[in-house]
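Subject: Structure for you to look at

Dear colleague,

Here is the structure I said I would hand over, with my notes on what I found in it below. Please read them with the coordinates open beside you.

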Amino acid sequence: MIGNAPFFVVGILFLAALVAIFMEKNLIKIAIAISIISSAVNLFLVALGYRTGATIPIHYLAGEGTVMVLPTPQAMTLTAIVIALATTALLLSIIMLVYRHYGTLNVDEIRRLRG
Amino acid sequence: MNWNEHLPALLLAVPLFGAFIAPVVCLFGKTTRNILMTGITFITLIIALLLWKNVLAGGPAIYVMGGESFNIALPSGMALPIRIILEADAFSAFMVLCGAIAAFAGALFSTNYMEKFSGMGRFTSLYFLLTVGMLGMMVTGDLFNFFIFIEIASIASFGLIAFWRDKPEAIEASLKYALVSQVGSMVFLIAAGCLYGKYNALNMAAVGSLLQFGTMEKLVLVFFVGSLAMKCGAFPMHMWLPDAYAEAPSGVTCLLVAVSQASLYGLMRVCFSLYGINLGGSFIPWMIIAMGLASMFFGVSMAVVQHEIKRLIGYHSVSQVGYMLLGLGVGLLVLKDARSMAEYGFTAMKGGIFHIFNYTMYKALLFLAAGAIYYATGKRDLNQLGGLARRMPFTTFMFVIAAAAISGLPPFNGFVSKLLIYESVFAVHPALTVVALVTSVLTLASFVKVFQTAFLGPEKNALVSTREVPAGMLLGMGVLTVAVLGASLFPAWTLSNLVEPAAKALVDQAGYIGAVMGGGL
Amino acid sequence: MFGTVYTGFGYWDVTSWILFFGIAAGLTLWLRAQGRDDYKEGTDQDEIYWSGNVVPEDGEDISVPASSAYWGFRKALEPYYNRLIGMHTGIATDIVGFYVLVVAFMAVFILIA
């Protein structure tokens, strides 16, 4: 059970951030919640690759260990982190432009497009 | 070097190359930039045609990125697929063709439409990145790679939708799309990670051959279907679609239509080729049919009461996606039952797939015509337009063709695909056909309203000085009109050469898996 | 090429449709050509009839705005439209809320069914 702790943390983080997205009113807090969701998913991917008592997945530096951690999820996580970085940067600049035009960061007031 | 084997990679490499040299080339002036945009999209179209011919002749085209062989023989004798594999079967080639035609038409249109904008180097770069994302979604054979291309397309679209930086509505539309798209993509990644964790493979064919339907696979399927249906614009999650399509510049909207179709492609790939016979019960097909019916009906009833032209056409987008979900959902419902499949299931799938082609063509044409009206008059509100048919005859003619096609009037292509859907869906339950027919009538009603208020009617004094739009925009619309008329006048040829191989490839899960895993499940 | 499309339940033939359309169009144009062409352009004979009133110069005053089209349809379905348009609030996080509701609904029902 203790070995499954990372997955419980992933679940808690993901659900907390998801609830924050549609309960919060401030756009910056919503952007932070999206960033937390990305972190939760990245943690999930890294935790998938772990094997008990294994060493780093580099052949020449492995030492005496015969079991290695899976490298594919680590590659996936790196890619996902870079993508989340790009999207967060773009999201924050869009929020900045919204503030410049609307003067408010309250999600309930940014609704000129409705109906 | 044998060009034919490198076609799937060239399909992605050419627009990507265009995206990276665009900022440099745009320093040399407007003409060079226009030549770059139209040239690269034209070459992409040629590659798409060659790829389609190749796939029709020789089966699914496999391409390994950066390596020689795509499987590695384990000591036990099994072949394990490694490296990132692009797999283009007939359905992928069909969608690539739709997307390439839409990209070409949008590029031609944007050469003139974006005259008064600054920062065009970045626009060209983002446009090509969006094309790469869309084409990549359609040819990849790997789940994580699919996520990457979804994100490339999403990031490029956030930038392009917000391109009109001075208008607050455009920024708001981009914000809404960004929020829901990010949440959807993260859920998609969790689902792909779950599948990797259990089967130790990311390749779609490998996972498809190893899949056993248990509790985790049920949740993974629900996450996939939910996220991809959100990106197509299925009913309760469609609210971003009219806003985003209305506020983006019209050449970009033309391409965004094809990007939504790429998400529909992903949905079908997951349901048919990844799960296929392991779909387990009929909950997901009925859920897809229900989302299709809801999108159709609620989309069109929202569209009838709009008074802004691009928003109205955006709501029609939601409703047309419902048609495709309905046709493909019926095909999915009877996938395991060979007799019903031969009787009406395969026809429903042909109708849904043909509708994808028709929809991309006529919807892109509608958006381009709306953009032409905005360029010529500076107004988007239907209450202020009127009597434009005297001043803009070509635009009127092409708008009539597109409006008749979307309403399902004979002899246009919209009628043929809708007829296939009506007649085959009737065999499942008559109520489904009734909803589809009522939607078609309401579509016709709203387009009669648009055509009458925008083009017919008395000449308004405020609009006396409008003239026909420049040649580049007319050419862009002309490309799509030729495609619409071609599919209308030669329906049997289109169905048997374009749609039927695609439908057969989609149903044939064993063929898809066997092309990579080497013979049989 | 100009073939017929056979659905499982019927067929659609483009050539026959275009032929019939051509015949009907020819008939309509012949009927239209039976009108008189000895009217004087630009005088009262050319003007539209607007219930006997003076026709205004600006087209703006004669045209019916697009928002009043389908007024009766919208009024008859007032409860339905109020609820439907009320659902499209335009708040950004409502879309995420709907998405989560749909995924949760599907997840619960797929585990039961």
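The domain bounds used here come from an automatic or database domain assignment. On that basis chain C is divided into domain 1, residues 1-35, and domain 2, residues 67-113, and the centres of these two domains of chain C, taken over C-alpha atoms, are separated by 41 Å. Please keep in mind throughout that this is a predicted model.

Chain B

The secondary structure of chain B comes to 19 helices and four strands, and its C-alpha trace spans about 80 × 60 × 40 Å along the principal axes. A compact globule of 521 residues would have a radius of gyration near 24 Å, and the 22 Å of chain B agrees with that. Of the 521 residues of chain B, 67% count as buried. Among the contacts in chain B between residues at least 6 apart in sequence, 81% join residues at least 24 apart.

On the side of H3(B) the contact is made by residues including B:Ser92, B:Gly99 and B:Ala103, and on the side of H4(B) by residues including B:Tyr127, B:Thr131 and B:Leu135. By class, the contact of H3(B) with H4(B) has nine nonpolar, three polar and no charged residues.

Contacts between chains

Between chains A and B, 26 residues of chain A are in contact with 26 residues of chain B. Helix H2 (27-48) and helix H3 (72-102) of chain A each supply at least two residues of the side of chain A that touches chain B, and the largest share of that side, 14 residues, comes from H3(A). The residues on this side of chain A divide into 21 nonpolar, four polar and one charged.

Between chains B and C, 56 residues of chain B are in contact with 40 residues of chain C. Several helices of chain B each supply at least two residues of the side that touches chain C, among them H6 (168-199), H8 (215-232) and H13 (338-377), and H8(B) gives the most, with eight residues. By class, this side of chain B has 35 nonpolar, 14 polar and seven charged residues.

Backbone details to check

Most residues other than glycine have a negative phi, and most peptide bonds are trans. Against that background, the peptide bond from B:Pro410 to B:Pro411 is cis, with omega near 0 degrees, and B:Pro411 has its place in the loop between helix H14 (393-407) and H15 of chain B.

B:Asn200 has a positive phi of about 55 degrees although it is not a glycine, and B:Asn200 lies in the loop between H6 and helix H7 (204-210) of chain B. With 14 other C-beta atoms within 10 Å, B:Asn200 is partly exposed. C:Ser51, likewise not a glycine, has a positive phi of about 55 degrees, and is placed in the loop between helix H1 (14-32) and helix H2 (71-76) of chain C. C:Ser51 is exposed, with 4 other C-beta atoms within 10 Å.

With best wishes

Technical notes: Residues numbered from 1 in each chain as written. Chains lettered and ligands numbered in written order. Predicted model: local features only at pLDDT ≥ 70, side-chain atom pairs only at ≥ 80, totals over all residues. Contact = placed C-beta atoms within 7 Å. Nonpolar A, V, L, I, M, F, W, Y, C, P; charged D, E, K, R; others polar. Rg over C-alpha atoms; globule rule 2.2 N^0.38 Å. Buried ≥ 20, exposed ≤ 12 C-beta atoms within 10 Å, placed from the backbone.
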